Amino acid sequence: MLYWAPSVRKLFIIGIGAGNRDHITVQAINALNAVDVFFAIDKGDEKAELIRVRQEICETYIKDKSYRTVAVPDPERDRKPSSYRSAVKDWHERRAVIFEKMIARELNDGECGAFLVWGDPSLYDSTLRIVQQILARGVVEFTYEVIPGVSSVQALAAAHKISLNQIGAPVHITTGRNVADGFPDDFDNLVVMLDANCAFKAVKETDIDIYWGAYVGTKDEILIAGDLRQVAGDIEKIRSAARARKGWILDTYLLRKRDRR
Ligand SMILES: C[S@@+](CC[C@H](N)C(=O)[O-])C[C@H]1O[C@@H](n2cnc3c(N)ncnc32)[C@H](O)[C@@H]1O
């Protein structure tokens, strides 16, 4: 009997870890080896070093190097919008149209494409939202699979040798922008990402420890931990010097109420 199966396009959304190529999972390596086309967004200002990590991962873990790479320019984004949410939503919609065209043009029936996502795709990354938007538009068809990666938050906790929560206590993950809009009155463990302005300076309470890390997992990793009041100034100075030296910085931190439980 002859069975006919339509040759469906497939997309992998692969978490690649936050800068340490040894943080890649076996599942990610297997997916990388099934990929025909890697899709990338050319952010123009993206740091050469971060692009190199992606290239190194492909060169190290892919056996058959016959894959193709396709990059498209990122659409312009309004950096000073009146509404942050609607500006980001609009930008994602424009990205979805670009991705859609790229997939339709570059991925043949039966082929497998991939987006490599920094850290883990579930955490402050728009790729999944955009892929779901493309499918909802109904112009191109594909199946997709998400491969988890080690996020910068997990890498930070491991580097400081801490768990993110105390026994049974919650962990809240947020952004520097949210913290700047109003520091939460009550928290046990607060992880802050995407913080360009050292939002921890706004903390008034005295019984807080900070576990801060920049370039975590990479050769340039910097870690500082201690009583927030005592180390906040040092972190600010060291952060600003590192940023000036390298031209960019990626940093994340955990704020923890001391002796809460
Ligand atoms: C757009 S978010 C992406 C997060 C990513 N999906 C993850 O799972 O870590 C970028 C933020 O992640 C954090 N980050 C990413 N890589 C990092 C690293 N190697 N060290 C410290 N923080 C990092 C920083 O807070 C940065 O502003």
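Author: **Strand E4 and its surroundings**

In this predicted model, five strands make up an open sheet in the order E3-E2-E4-E1-E5, with parallel pairing. At its edges sit strand E3 (68-73) and strand E5 (143-147), each of which pairs on one side only. Neighbouring strands of the sheet are turned by 25° against each other on average, direction ignored (axes are lines fitted to C-alpha atoms, for helices over the stretch in contact, and angles run from 0 to 180 degrees between N-to-C directions).

A quick word on the names: helices (H or I, at least four residues) and strands (E, at least two) are DSSP runs, numbered from the N terminus. Two strands pair if DSSP finds at least two bridges between them.

Residues count from 1 along each chain as its sequence is written, and side-chain values use heavy atoms, with hydrogens and water left out. As the model is predicted, local features need pLDDT of at least 70 and side-chain atom pairs count only at pLDDT 80 or more, while totals for chains, interfaces and linings use all residues.

Now to E4. On one side, strand E1 (residues 10-15) pairs with strand E4 (residues 112-117) in the parallel sense, over six bridges. Within that pairing, Ile14 stands opposite Leu116 of E4. E4 is also joined to strand E2 (residues 37-42), by three bridges, and these two run parallel as well. There, Val37 has Gly113 of E4 as its bridge partner.

What about the faces of E4? In a regular strand, side chains alternate between the two faces of the sheet. In E4 both faces are covered: Cys112, Ala114 and Leu116 on one side, and Gly113, Phe115 and Val117 on the other, are all buried (buried means under 20% relative accessible area, exposed over 50%, and partly exposed in between, with a 1.4 Å probe and protein chains only). Because six of the six residues of E4 are buried, the strand is largely enclosed by the rest of the structure.

Cys112 is in no disulfide, as the nearest cysteine sulfur, that of Cys58, is 13 Å away. Looking from the other end, the sulfur of Cys58 has its closest cysteine sulfur in Cys112, and 13 Å is too far for a bond. Both are tucked away: Cys58 counts as buried at 7% relative accessibility, and Cys112 at 8%.

Follow the chain out of E4 and you get to Tyr124, in the loop between E4 and helix H4 (127-137). Most residues other than glycine have a negative phi. Tyr124, which isn't a glycine, has a positive one near 45°, and it counts as partly exposed at 41% relative accessibility. Cys198 does something along those lines, with a positive phi of about 50° although it is not a glycine. Cys198 sits in the loop between strand E7 (189-193) and strand E8 (208-214) and is buried, with a relative accessible area of 7%.

Finally, let's see what ties other parts together. The whole structure has 16 salt bridges (each a side-chain nitrogen of Lys or Arg within 4 Å of a carboxyl oxygen of Asp or Glu). One of them joins the side chains of Arg21 and Glu56, at 3.8 Å from N to O. These partners are 35 residues apart, with Arg21 in the loop between E1 and helix H1 (26-32) and Glu56 in helix H2 (residues 48-61). Arg21 is partly exposed at 35%, and Glu56 is partly exposed at 30%.

Another salt bridge brings Lys257 and Glu205 together at 3.3 Å, N to O. Lys257 belongs to strand E10 (residues 251-257), Glu205 to the loop between E7 and E8, and 52 residues separate them. Lys257 is buried, at 4% relative accessible area, whereas Glu205 is partly exposed at 29%.

Asp209 and Arg258 also form a salt bridge, their closest N and O atoms being 3.1 Å apart. Asp209 is in strand E8 and Arg258 in the segment after E10, 49 residues apart. Here Asp209 is buried at 15%, while Arg258 is partly exposed at 27%. And there's a network of salt bridges that links Glu49, Lys219, Asp220 and Lys246.

Note on methods: A disulfide is a pair of cysteine sulfur atoms within 2.5 Å.
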